[in-house]
Amino acid sequence: MPEIIDAWMQLPNRPYLLDSMFDSLRRWPTHWRSLAQENPGITHDEALATFRAQGVQRVLASAWWGPAGPMITNDEVAAATQAHPGQVVGIASVDLHRPMDAVRELRRCVRQFGFKGVRVLPWLWGLPPDDRRYYPLYAECVELDVTFCLQVGHAGPMRPSEPGRPMPYLDHVAHEFPDLRIVGGHIGFPWVNEMVSLMMKHPNVYVDTSAYKASRFPPELVAYLRGPGRHKVLFGTNYPMLTPAECLAGLDALGLDAETRALYLAGNARRAFKLSP
(Lines give C-alpha, C1' and ligand atoms only; values in the text may rest on other atoms or scores of the structure.)
Protein backbone atom coordinates (compact mmCIF):
# COMPACT_ATOMS: atom_id res chain seq x y z
CA MET A 1 0.00 0.00 0.00
CA PRO A 2 1.44 3.42 -0.91
CA GLU A 3 2.29 5.80 1.90
CA ILE A 4 -0.24 8.61 2.35
CA ILE A 5 0.21 11.62 4.66
CA ASP A 6 -2.67 14.05 5.22
CA ALA A 7 -1.12 17.53 5.41
CA TRP A 8 -4.23 19.28 6.78
CA MET A 9 -6.85 17.83 9.07
CA GLN A 10 -8.45 18.50 12.43
CA LEU A 11 -9.42 16.01 15.14
CA PRO A 12 -12.85 17.52 15.77
CA ASN A 13 -14.65 17.94 19.05
CA ARG A 14 -18.27 18.92 19.75
CA PRO A 15 -17.68 22.71 19.97
CA TYR A 16 -15.76 22.68 16.70
CA LEU A 17 -18.31 20.59 14.80
CA LEU A 18 -21.30 22.61 15.98
CA ASP A 19 -20.00 26.19 16.05
CA SER A 20 -22.27 28.64 14.22
CA MET A 21 -19.23 30.03 12.36
CA PHE A 22 -19.35 26.90 10.21
CA ASP A 23 -23.05 27.04 9.33
CA SER A 24 -22.12 27.81 5.71
CA LEU A 25 -20.02 24.62 5.54
CA ARG A 26 -22.83 22.50 6.96
CA ARG A 27 -25.19 23.56 4.17
CA TRP A 28 -23.40 21.12 1.89
CA PRO A 29 -23.68 17.30 2.11
CA THR A 30 -20.17 16.79 3.51
CA HIS A 31 -18.78 14.49 6.16
CA TRP A 32 -18.75 17.50 8.48
CA ARG A 33 -22.54 17.80 8.29
CA SER A 34 -22.97 14.07 8.85
CA LEU A 35 -20.80 14.12 11.95
CA ALA A 36 -22.52 17.24 13.31
CA GLN A 37 -25.88 15.51 12.95
CA GLU A 38 -24.98 11.95 13.89
CA ASN A 39 -21.82 11.88 16.00
CA PRO A 40 -20.75 15.33 17.31
CA GLY A 41 -18.98 13.64 20.21
CA ILE A 42 -16.62 11.69 17.93
CA THR A 43 -13.43 10.60 19.69
CA HIS A 44 -9.89 10.85 18.38
CA ASP A 45 -9.76 7.06 18.15
CA GLU A 46 -12.91 6.97 16.02
CA ALA A 47 -11.65 9.68 13.68
CA LEU A 48 -8.24 8.07 13.27
CA ALA A 49 -9.83 4.69 12.59
CA THR A 50 -11.41 6.24 9.50
CA PHE A 51 -7.98 7.30 8.27
CA ARG A 52 -6.47 3.88 8.84
CA ALA A 53 -9.37 2.17 7.09
CA GLN A 54 -8.98 4.49 4.10
CA GLY A 55 -5.24 3.98 3.73
CA VAL A 56 -3.77 7.10 5.37
CA GLN A 57 -0.80 6.26 7.58
CA ARG A 58 -0.03 9.72 9.06
CA VAL A 59 -1.93 12.93 9.65
CA LEU A 60 -0.82 16.45 10.47
CA ALA A 61 -3.48 17.35 13.03
CA SER A 62 -4.02 21.03 13.72
CA ALA A 63 -5.24 22.80 16.80
CA TRP A 64 -7.69 25.67 16.26
CA TRP A 65 -7.34 29.08 17.90
CA GLY A 66 -9.25 32.19 16.89
CA PRO A 67 -9.99 35.63 18.36
CA ALA A 68 -12.55 34.09 20.73
CA GLY A 69 -9.97 31.64 22.09
CA PRO A 70 -9.04 28.01 21.46
CA MET A 71 -11.64 25.64 20.05
CA ILE A 72 -9.32 22.63 19.62
CA THR A 73 -6.50 23.14 22.09
CA ASN A 74 -2.84 22.37 21.57
CA ASP A 75 -3.03 20.05 24.55
CA GLU A 76 -5.84 18.07 22.92
CA VAL A 77 -3.68 17.62 19.85
CA ALA A 78 -0.67 16.74 22.00
CA ALA A 79 -2.73 14.04 23.73
CA ALA A 80 -3.51 12.54 20.32
CA THR A 81 0.16 12.60 19.29
CA GLN A 82 1.08 10.80 22.50
CA ALA A 83 -1.73 8.25 22.22
CA HIS A 84 -0.99 7.58 18.54
CA PRO A 85 2.76 7.98 18.03
CA GLY A 86 3.76 7.60 14.43
CA GLN A 87 0.23 8.29 13.20
CA VAL A 88 -0.48 11.81 14.48
CA VAL A 89 1.88 14.77 14.04
CA GLY A 90 0.90 17.98 15.83
CA ILE A 91 0.44 21.42 14.29
CA ALA A 92 0.02 24.22 16.82
CA SER A 93 -2.42 27.11 16.83
CA VAL A 94 -1.85 30.32 18.77
CA ASP A 95 -3.33 33.70 19.72
CA LEU A 96 -2.25 36.05 16.95
CA HIS A 97 -3.40 39.11 18.91
CA ARG A 98 -0.75 38.41 21.57
CA PRO A 99 2.39 37.79 19.50
CA MET A 100 4.85 37.03 22.31
CA ASP A 101 2.41 34.70 24.04
CA ALA A 102 2.00 33.08 20.65
CA VAL A 103 5.76 32.61 20.31
CA ARG A 104 6.01 31.09 23.79
CA GLU A 105 3.13 28.72 23.08
CA LEU A 106 4.72 27.61 19.81
CA ARG A 107 8.00 26.95 21.62
CA ARG A 108 6.15 24.86 24.22
CA CYS A 109 4.39 22.80 21.56
CA VAL A 110 7.58 22.13 19.60
CA ARG A 111 9.93 21.50 22.51
CA GLN A 112 7.56 19.62 24.80
CA PHE A 113 5.36 17.76 22.33
CA GLY A 114 7.39 17.60 19.12
CA PHE A 115 4.95 19.59 16.98
CA LYS A 116 6.15 20.24 13.42
CA GLY A 117 4.51 23.57 12.65
CA VAL A 118 1.94 26.23 13.44
CA ARG A 119 -1.20 27.14 11.51
CA VAL A 120 -2.90 30.53 11.33
CA LEU A 121 -6.02 31.25 9.25
CA PRO A 122 -5.92 34.79 7.85
CA TRP A 123 -9.69 34.92 7.28
CA LEU A 124 -10.34 33.95 10.91
CA TRP A 125 -8.29 36.87 12.21
CA GLY A 126 -9.13 39.28 9.40
CA LEU A 127 -5.39 39.89 8.93
CA PRO A 128 -3.34 39.08 5.81
CA PRO A 129 -0.09 37.19 6.42
CA ASP A 130 2.14 40.25 6.00
CA ASP A 131 0.55 41.92 9.04
CA ARG A 132 3.12 42.77 11.71
CA ARG A 133 1.50 40.42 14.23
CA TYR A 134 2.64 37.36 12.31
CA TYR A 135 6.29 38.33 12.13
CA PRO A 136 7.48 37.11 15.56
CA LEU A 137 5.98 33.72 14.67
CA TYR A 138 7.83 33.63 11.35
CA ALA A 139 11.14 34.33 13.05
CA GLU A 140 10.47 31.66 15.68
CA CYS A 141 9.49 29.08 13.06
CA VAL A 142 12.84 29.64 11.36
CA GLU A 143 14.69 29.32 14.67
CA LEU A 144 12.78 26.16 15.65
CA ASP A 145 13.01 24.76 12.09
CA VAL A 146 9.26 24.16 11.86
CA THR A 147 6.75 24.99 9.14
CA PHE A 148 4.26 27.84 8.95
CA CYS A 149 0.85 26.85 7.59
CA LEU A 150 -2.03 29.07 6.52
CA GLN A 151 -5.15 29.03 4.42
CA VAL A 152 -4.94 30.52 0.93
CA GLY A 153 -7.90 31.31 -1.29
CA HIS A 154 -11.49 32.12 -0.48
CA ALA A 155 -13.00 31.64 2.97
CA GLY A 156 -15.66 28.96 3.30
CA PRO A 157 -17.23 30.52 6.42
CA MET A 158 -19.02 33.83 5.99
CA ARG A 159 -15.92 35.99 6.40
CA PRO A 160 -14.06 38.19 3.90
CA SER A 161 -11.69 36.23 1.64
CA GLU A 162 -9.19 38.96 0.78
CA PRO A 163 -6.72 38.06 3.59
CA GLY A 164 -6.29 34.68 1.87
CA ARG A 165 -5.19 36.09 -1.47
CA PRO A 166 -1.60 34.99 -2.20
CA MET A 167 -0.50 38.17 -4.01
CA PRO A 168 0.83 40.43 -2.66
CA TYR A 169 0.58 39.36 0.98
CA LEU A 170 2.24 35.95 1.00
CA ASP A 171 4.75 37.10 -1.59
CA HIS A 172 5.92 39.78 0.86
CA VAL A 173 6.41 37.15 3.57
CA ALA A 174 8.33 34.76 1.33
CA HIS A 175 10.69 37.57 0.29
CA GLU A 176 11.33 38.71 3.85
CA PHE A 177 11.70 35.19 5.30
CA PRO A 178 13.31 33.09 2.55
CA ASP A 179 14.28 30.38 5.05
CA LEU A 180 10.69 29.95 6.26
CA ARG A 181 8.89 26.85 4.97
CA ILE A 182 5.33 27.88 4.09
CA VAL A 183 2.44 25.54 3.27
CA GLY A 184 -0.70 27.20 1.92
CA GLY A 185 -3.83 25.12 2.39
CA HIS A 186 -6.94 24.69 0.23
CA ILE A 187 -5.32 25.20 -3.21
CA GLY A 188 -5.76 28.98 -3.32
CA PHE A 189 -8.92 29.12 -5.44
CA PRO A 190 -9.89 31.43 -7.11
CA TRP A 191 -6.30 32.71 -7.16
CA VAL A 192 -4.72 29.41 -8.20
CA ASN A 193 -2.42 31.00 -10.79
CA GLU A 194 -1.14 33.43 -8.16
CA MET A 195 -0.36 30.51 -5.85
CA VAL A 196 1.38 28.60 -8.64
CA SER A 197 3.49 31.64 -9.51
CA LEU A 198 4.52 32.00 -5.85
CA MET A 199 5.64 28.37 -5.70
CA MET A 200 7.61 28.72 -8.92
CA LYS A 201 9.30 31.85 -7.54
CA HIS A 202 9.98 30.83 -3.93
CA PRO A 203 11.70 27.50 -3.16
CA ASN A 204 10.14 27.14 0.30
CA VAL A 205 6.49 27.79 -0.62
CA TYR A 206 4.15 24.78 -1.00
CA VAL A 207 0.42 24.20 -1.34
CA ASP A 208 -1.87 21.42 -0.17
CA THR A 209 -5.10 20.26 -1.79
CA SER A 210 -7.15 20.00 1.39
CA ALA A 211 -10.90 20.73 1.12
CA TYR A 212 -10.89 19.59 -2.52
CA LYS A 213 -11.62 16.26 -4.10
CA ALA A 214 -9.15 15.24 -6.81
CA SER A 215 -11.99 15.42 -9.33
CA ARG A 216 -12.37 19.16 -8.57
CA PHE A 217 -8.74 20.27 -8.90
CA PRO A 218 -8.44 23.31 -11.19
CA PRO A 219 -6.73 22.43 -14.51
CA GLU A 220 -3.89 24.91 -13.89
CA LEU A 221 -3.03 23.14 -10.62
CA VAL A 222 -3.11 19.73 -12.30
CA ALA A 223 -0.78 20.97 -15.04
CA TYR A 224 1.62 22.37 -12.44
CA LEU A 225 1.50 19.12 -10.42
CA ARG A 226 2.27 17.05 -13.51
CA GLY A 227 5.22 19.25 -14.43
CA PRO A 228 7.36 21.74 -12.48
CA GLY A 229 5.24 21.44 -9.32
CA ARG A 230 5.73 17.74 -8.72
CA HIS A 231 7.76 18.58 -5.57
CA LYS A 232 5.45 21.35 -4.32
CA VAL A 233 1.89 19.98 -3.96
CA LEU A 234 0.75 18.02 -0.88
CA PHE A 235 -2.27 15.81 -0.29
CA GLY A 236 -4.75 16.94 2.35
CA THR A 237 -8.39 16.49 3.33
CA ASN A 238 -9.49 19.26 5.71
CA TYR A 239 -11.18 16.51 7.72
CA PRO A 240 -13.86 16.57 9.09
CA MET A 241 -15.04 18.41 5.98
CA LEU A 242 -13.99 15.55 3.68
CA THR A 243 -12.71 12.03 4.26
CA PRO A 244 -9.56 10.64 2.65
CA ALA A 245 -11.60 8.36 0.40
CA GLU A 246 -13.58 11.33 -0.93
CA CYS A 247 -10.42 13.32 -1.62
CA LEU A 248 -8.62 10.43 -3.30
CA ALA A 249 -11.50 9.46 -5.58
CA GLY A 250 -10.60 10.55 -9.09
CA LEU A 251 -6.85 10.67 -8.46
CA ASP A 252 -6.17 8.12 -11.19
CA ALA A 253 -7.81 10.40 -13.75
CA LEU A 254 -5.16 13.11 -13.16
CA GLY A 255 -2.61 11.11 -15.15
CA LEU A 256 0.24 11.37 -12.63
CA ASP A 257 3.28 9.18 -13.15
CA ALA A 258 4.32 6.89 -10.29
CA GLU A 259 7.00 9.22 -8.90
CA THR A 260 4.76 12.29 -8.95
CA ARG A 261 1.92 10.39 -7.32
CA ALA A 262 4.21 9.19 -4.51
CA LEU A 263 5.54 12.71 -3.96
CA TYR A 264 2.03 14.16 -3.88
CA LEU A 265 0.67 11.57 -1.46
CA ALA A 266 3.57 11.59 1.01
CA GLY A 267 7.03 12.62 -0.16
CA ASN A 268 6.31 16.33 -0.40
CA ALA A 269 4.77 16.40 3.09
CA ARG A 270 7.85 14.68 4.51
CA ARG A 271 10.06 17.38 3.00
CA ALA A 272 7.83 20.39 3.74
CA PHE A 273 7.43 19.41 7.40
CA LYS A 274 10.82 17.64 7.84
CA LEU A 275 9.15 14.42 8.92
CA SER A 276 11.16 11.33 9.69
CA PRO A 277 10.58 8.34 7.36
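I started with the surface: the protein exposes about 11,100 Å², and carbon and sulfur atoms supply 54% of it. The areas come from the Shrake-Rupley method with a 1.4 Å probe, and for residues only the protein chains shown count as cover.

A note to myself on ground rules: this is a predicted model, where local features need pLDDT of at least 70 and side-chain atom pairs count only at pLDDT 80 or more, while totals for chains, interfaces and linings use all residues. Residues are numbered from 1 along each chain as its sequence is written, and side-chain values use heavy atoms, with hydrogens and water left out.

Then I checked the overall build. I found twelve helices and ten strands; these are DSSP runs numbered from the N terminus, helices being H or I with at least four residues and strands E with at least two. The C-alpha trace spans about 45 × 45 × 35 Å along its principal axes.

How many aromatic pairs are there? I got 16, pairing rings of Phe, Tyr and Trp (its six-membered ring) if their centres lie within 6.5 Å; planes under 30 degrees apart count as stacked, over 60 as edge-to-face and the rest as tilted. One of them is Trp-64 with Trp-123: the ring centres are 6.3 Å apart and the planes at 55°, so I wrote this pair down as tilted. Trp-64 sits in strand 3 (residues 64-66) and Trp-123 in helix 6 (residues 122-125), so the pair ties together parts that are 59 residues apart in sequence. Both Trp-64 and Trp-123 are buried. Ring pairs also link these two with Tyr-16, Phe-22 and Trp-32 into a cluster.

Last came the backbone. Most residues other than glycine have a negative phi, and most peptide bonds are trans, so I listed the exceptions that I looked up.

- A cis peptide bond joins Met-167 and Pro-168, with omega about 5°; Pro-168 is in the loop between strand 7 (147-151) and helix 8 (169-176).
- Phe-189 and Pro-190 are also joined by a cis bond, with omega about 10°; Pro-190 is in the loop between strand 8 (182-185) and helix 9 (192-201).
- His-186, in the loop between strand 8 and helix 9, has a positive phi of about 75° and counts as buried at 14% relative accessibility.
- Ile-187 is found in the loop between strand 8 and helix 9; its phi is near 75°, and its relative accessible area is 1%, which is buried.

Definitions and conventions: Buried means under 20% relative accessible area, exposed over 50%, partly exposed in between (1.4 Å probe, protein chains only).
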